[in-house]
Amino acid sequence: MKYLPYKKLKYKFDFEIGYLTKGPCRECEKRKDFPDCIDDCNKLDKIHTILCEAISCSKRG
């Protein structure tokens with residue numbers, strides 16, 4: 001069996017990403033516009049991009 005070098009893997013596992021300790025919207029200057037501001041938020045876009053590329057390590061049963 002041939003293994004891929006770690007650096008060439010496209011995906012990260014969820015334990016490598018960690019978790020958010022506080023929601024990014026809590027202290028945002030556009031909080032008064034919530035939830036209408038979600039579609040234009042760069043910070044949430046970056047978070048979603050990172051999470052979409054992750055592979056879950058939890059068991060599915």
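**Reading charge and exposure in a predicted model**

Mentor: D36 is exposed, its relative accessible area being 66%, where exposed stands for over 50%, buried for under 20% and partly exposed for what lies in between (1.4 Å probe, protein chains only). This is a predicted model, in which local features need pLDDT of at least 70 and side-chain atom pairs count only at pLDDT 80 or more, while totals for chains, interfaces and linings use all residues. Residues are numbered from 1 along each chain as its sequence is written, and side-chain values use heavy atoms, with hydrogens and water left out.

Trainee: Where in the protein is confidence lowest, and where is it highest?

Mentor: The score to read is pLDDT, the predictor's confidence in each residue, from 0 to 100. The protein averages 76, and 67% of the residues score at least 70; the lowest mean, 66, belongs to helix 1, and the highest, 85, to helix 2.

Trainee: How many salt bridges does the count come to?

Mentor: The rule asks for a side-chain nitrogen of Lys or Arg within 4 Å of a carboxyl oxygen of Asp or Glu, and the count comes to 2. One joins E27 and K22 at 3.0 Å, N to O; E27 is exposed at 67%, whereas K22 is partly exposed at 43%. The other joins D33 and K32, whose closest N and O atoms are 3.9 Å apart; here D33 is partly exposed at 38% and K32 is exposed at 71%.

Trainee: Which residues gather in a patch of negative charge?

Mentor: A charge patch takes residues with over 30% relative accessible area and no salt bridge, joining like charges within 9 Å, with Asp and Glu counted as negative and the charge of Asp placed at CG. On this surface, D36, D39, D40 and D45 gather in such a patch.

Trainee: What share of the residues counts as buried?

Mentor: Of the 61 residues, 8% count as buried. The protein exposes about 6,300 Å², with carbon and sulfur atoms supplying 55% of it, as given by the Shrake-Rupley method with a 1.4 Å probe.

Methods
Patch = residues over 30% accessible without salt bridge, like charges linked within 9 Å, V, L, I, M, F, W, Y side chains within 5 Å. Helix = DSSP H or I, 4+ residues; strand = E, 2+ residues; numbered from the N terminus.
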